[in-house]
Amino acid sequence: MAIAAKFIQQSGMTEQAIMHQDTPRELAGSHILCEALLREGVTLMYGYPGGAIMPFYDAITSYPALHHVLVRHEQAAAHAADGYARATGKVGVCIATSGPGATNLVTGLATAFMDSVPLVAITGQVARPFIGRDAFQETDVIGMTQPITKHNFLVRNADEIADVVHEAFRIARSGRPGPVLIDVPKDVLFSKVMYQASATATSEEFLQAQAVERPAEHLLAQAARMIAHAQRPLIMAGHGIILAGAYEELRAFAEKASAPVITTLLGLSAFPDTHPLHIGMPGMHGPAHTNKAIGEADLIIAVGMRFDDRVTGKVSEFAPKAKIIHIDIDASEMHKVKVATVPIVADAKIALEALSEAVTQADNSAWLSEIRSWETQNNERGKSIQRDDTNKFPDPISILNAIRQSTQGEGIVVSDVGQHQMWTARFYQWTRPNSHITSGGLGTMGFALPAAMGVKMGMPDVPVWVVAGDGGFQMNIQELATLQQEGIALKVAIMNNGYLGMVRQWQQFFHSRNYSETPITGPNYVKLADAYGLKGMRVTRREDIAGAIKEAMETEGTVIIDFVIEPEMNVYPMVAPGSAITTMIEE
């Protein structure tokens with residue numbers, strides 16, 4: 001019998017009571033790891049067992065409050081934990097064994113790191129005497145993950161485990177969030193030491209005790225003066241708004257400053273598309289009027305965004321007429337790409353609240369009207385490029401409109417990476433806060449299906465749609481088995497054009513239509529769904545889109561819809577690499 005289970009049986013105490021008791025007791029490292037996770041509020045984790053991590057898997061059977069989801073590939077464990085964290089704001093947890101288990105987590109950790117997602121990965125390691133001897137399934141996961149984690153730990157003794165877990169969660173949650181890795185040798189998991197739960201504060205207790213710093217008053221005053229004198233101000237809102245939960249603060253500030261709001265790819269749904277001040281997404285595939293506004297602005301107020309190259313295009317020509325107020329919780333982002341006139345290192349929620357107090361009510365209606373006139377000039381032409389009514393294939397705009405209508409805008413959409421990602425970003429109407437989840441910085445194909453699994457398990461009462469391409473969907477297609485096993489109800493829309501679409505588009509524009517290795521075949525998705533015990537549909541006509549989506553919503557469990565779209569449909573507009581974002585390919 002496992003130690004904790006035996007203790008429960010002998011004492012007659014509940015697991016919850018044991019978790020919070022102050023009495024020291026002897027526990028194996030594997031059980032201390034479970035205890036520490038419970039104290040951090042963990043109830044859900046994704047993983048795959050193996051030799052080095054096996055003692056932990058033996059221990060979790062004594063802790064039924066820790067629900068473990070057996071994925072079919074460790075990369076999916078990291079993406080699922082990532083999706084859970086993005087949707088809930090909690091720390092996601094993933095587990096893997098040493099060697100190939102740990103290396104399979106790497107892409108997921110890099111995805112979370114680039115997008116500032118709080119995640120704790122726990123990996124088994126070979127026993128301490130074998131470290132550095134090329135033992136079976138040994139890899140230097142600490143060295144491998146240092147560039148793509150906020151921090152990582154090699155636990156050398158069982159009595160360190162609880163402290164390391166609490167510190168890992170604190171680091172993952174605090175400041176700019178991100179992934180942390182804990183590597184635990186197998187013999188440490190077996191080792192027994194005295195454990196006392198009350199000896200260590202949880203990360204939540206620690207962070208609650210920290211004072212939240214308000215931005216320096218002289219910086220607020222300087223920023224307020226710049227905003228008051230600006231004739232053409234713009235707010236650029238990024239993922240930091242969502243991470244800080246600063247939705248109301250952003251709205252209040254934008255309305256008081258009378259400043260049009262742009263939302264980046266990861267900032268989409270931070271500010272409602274339907275708000276009169278919202279003018280779109282910037283950058284490589286942003287609408288012409290949005291990019292033109294950046295070119296004409298005299299002040300950029302950048303909040304929780306990092307001036308990514310897909311946003312800026314040619315940096316020297318990005319916002320050439322504008323001064324910049326940059327608000328970000330990470331000091332290393334200041335002046336990294338664009339020099340800020342006023343750098344404010346602070347939490348977005350606190351900074352925007354303080355800035356709202358500092359500014360006076362403004363009226364920039366003439367500037368907004370000018371932007372709207374540019375939008376009108378480009379809008380109808382842009383829509384005609386994206387949707388050709390003479391083409392009877394299902395089209396992306398109609399698919400996205402039907403998905404939104406089916407959820408009344410209250411669903412969460414998890415997109416993969418490629419053309420469909422840009423169509424989703426541009427043409428879905430984002431009104432529910434934090435309803436858009438995608439891989440931004442790393443651009444990880446295969447992200448959407450496992451990430452959506454984590455989103456749905458974190459938000460079980462919210463409809464969750466996966467929008468994927470036929471290329472990315474096949475990268476983690478094995479997780480359909482996990483969805484069926486766990487009874488998770490995702491709705492999946494595959495925009496199937498028979499190509500690696502975004503790469504093909506670049507080949508068309510920049511490589512004389514040399515479609516080298518971009519045509520891609522796939523399975524019969526209806527038969528595939530059936531093989532996994534799920535429902536599948538295939539839609540080849542535009543007129544059948546709404547009916548298929550309605551049927552999917554009315555069907556229990558996961559449903560896969562294979563939408564066969566125009567093979568060579570492109571995303572417009574597009575900014576060529578190295579060009580200014582005001583110079584766009586529009587057809």
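Setting aside neighbours within four places in sequence, Ser-116 is in contact (heavy atoms within 4.5 Å) with Arg-176, Pro-177, Gly-178 and Leu-243. Ser-116 sits in the loop between α7 (106–114) and β5 (119–125), helices (H or I, at least four residues) and strands (E, at least two) being DSSP runs numbered from the N terminus. With a relative accessibility of 6%, Ser-116 counts as buried; the cut-offs are under 20% relative accessible area for buried, over 50% for exposed, and partly exposed in between, with a 1.4 Å probe and protein chains only.

All of this comes from a predicted model, in which local features need pLDDT of at least 70 and side-chain atom pairs count only at pLDDT 80 or more, while totals for chains, interfaces and linings use all residues. Residues are numbered from 1 along each chain as its sequence is written, and side-chain values use heavy atoms, with hydrogens and water left out. The pLDDT (the predictor's confidence in each residue, from 0 to 100) averages 93 over the protein chain, and 94% of the residues score at least 70. Residues 1–20 are another matter: pLDDT stays under 50 there, and the model has 34 contacts beyond four places in sequence for this stretch. Where pLDDT is low, the predicted coordinates should not be read in detail.

On to the sheet. Six strands form an open sheet in the order β11-β10-β9-β12-β13-β14, with parallel pairing; two strands pair if DSSP finds at least two bridges between them. At the edges are β11 (278–280) and β14 (342–345), each of which pairs on one side only. On average, neighbouring strands of this sheet are turned by 20° against each other, direction ignored; axes here are lines fitted to C-alpha atoms, for helices over the stretch in contact, and angles run from 0 to 180 degrees between N-to-C directions.

Inside the sheet, β9 and β12 pair in the parallel sense over five bridges, with Met-236 opposite Ala-302 in β12. Five bridges also link β12 in parallel to β13 (residues 323–328), where Ile-325 is the bridge partner of Ile-301. β9 and β10, running parallel, are joined by three bridges, and Ile-235 has Val-261 in β10 as its bridge partner.

Strand β12 is well tucked away: five of its five residues are buried, so the strand is largely enclosed by the rest of the structure. Leu-299, Ile-301 and Val-303 point one way from β12, while Ile-300 and Ala-302 point the other way. Leaving out residues up to four places away in sequence, Ile-300 touches Leu-234, Met-236, Ala-319, Ala-322, Lys-323, Ile-324 and Ile-325.

Ile-300 also turns up in the largest nonpolar core, which has 63 residues. A nonpolar core is a set of buried Ala, Val, Leu, Ile, Met, Phe, Trp, Tyr and Cys residues joined through side-chain atoms within 4.5 Å. The members touching the most others are Ile-227, Leu-234, Ile-235, Ile-241, Phe-253, Ile-300 and Ile-325, and the largest share of this core, six residues, comes from α12. A second, separate core of 54 residues includes Ala-81, Val-492, Leu-528 and Leu-534.

Gln-222 belongs to α12 and is partly exposed at 26% relative accessibility. Beyond its neighbours within four places in sequence, Gln-222 is in contact with Thr-341 and Val-342.

Helix α14 lies across β9, β10 and β12, running at about 170° to β9. The buried residues of α14 (residues 247–257) are Tyr-247, Glu-249, Leu-250, Phe-253, Ala-254 and Ala-257. Seen down the helix axis, they fall within an arc of 165°, so they line one face of α14; the arc is that of the directions from the helix axis to the C-beta atoms. Their cover includes α12 (217–229), β9 (233–237), α13 (239–244), β10 (261–263), β12 (299–303) and α17 (348–358). Ser-258, with a positive phi near 50°, follows α14.

Finally, Gly-441 lies in the loop between β16 (436–437) and α21 (448–458) and is partly exposed, at a relative accessible area of 25%.
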